Amino acid sequence: MHATTLFEGDSLSVYYYRCSAGPHERPFAEAHARHSISYVRHGSFGYHTLGRLHELVAGAVLVGSPGQEYTATHEHHGCGDECLSVKLSPALAEACASRKFFGNVASLPPMSELMVLAELACAAAEGRSDVGVDEAAMLFAARAAGIVSTQADASPVSARQRRIAVEAARWIEANAAEPLDLESTARQAGLSPFHFLRTFGRVLGVTPHQYLVRTRLRRAARLLAEGELPVTEVALEVGFADLSNFVRTFKRAAGVPPARFSKNVLQ
């Protein structure tokens, strides 16, 4: 695990983690040292904590509290993963989260409003935005902590179902710029559309189309934060064929139109 410090403060710190562990790495128990809210930017992995196994794919959010034990697994792929992690002091965690959040919520599915803020923080850390890293990270953490998890069906799912859902999410991410629908994605997964939709939702907490749209928004936020492409080109680059649909969808997620993103998101 390689860690890069992006920001270090008294109440909030931001790190970028790169893990190269693969299926042949033996998982081991760890414990969170601080309150943390982490955004999975690339890759996927299993997060076993609080008595459940959570499959985290790009765009998902991992939540941890001091002393909380967990085990990370990588049985479904071998390319590693990358995460943006925001660490909070006890006082800040208590200020921005309800008592039901830390210690009870272990993960959140990919959500548009969280992904655009996390991508803005990444852009700030890489010098591609004039927004402060701490500012964007604070917004991301506060927004995540204010969300009550809408987890999918909590009944047990099989290892095969987890594998199918994670591999499908990775396939969607790799082909997000292409026109995809439920039938073609289900065919790729080897399931009927009905069973694929049910399996994907139970494992990852979102529908395949929701994951597709949120993947496109995540990439759009990254490109917009860089400020090198006009909005129309960004929309086409990430897979939105209709500009008005892109503007409407992005504004609903970020709170501002794409043309004003990164300049106005803090206002």
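Helix α2 contains 14 residues and spans 20 Å from its first C-alpha to its last, close to the 20 Å expected at 1.5 Å a residue; the expected span is 1.5 Å times one less than the number of residues. Helices (H or I, at least four residues) and strands (E, at least two) are DSSP runs, numbered from the N terminus. The model is predicted, with local features requiring pLDDT of at least 70 and side-chain atom pairs pLDDT 80 or more, while totals for chains, interfaces and linings use all residues. Residues are numbered from 1 along each chain as its sequence is written, and side-chain values use heavy atoms, without hydrogens and water.

Of the 14 residues of α2, 12 are buried, so the helix is largely enclosed by the rest of the structure. Buried denotes under 20% relative accessible area, exposed over 50%, and partly exposed in between (1.4 Å probe, protein chains only). Among the buried residues are L114, L117 and L120. Just after α2, G127 adopts a positive phi of about 75 degrees.

Six strands form an open sheet in the order β1-β2-β9-β4-β7-β10, with antiparallel pairing; two strands pair if DSSP finds at least two bridges between them. Strands β1 (2–8) and β10 (107–108) stand at the edges, each with a single partner strand, so one side of each lacks a neighbour in the sheet. Strand β1 is joined to β2 (residues 12–19) by six bridges, and the two run antiparallel. The bridge partner of T5 in β2 is Y15.

Residue E228 lies in the loop between α7 (208–226) and α8 (231–238). E228 is exposed, with a relative accessible area of 66%.
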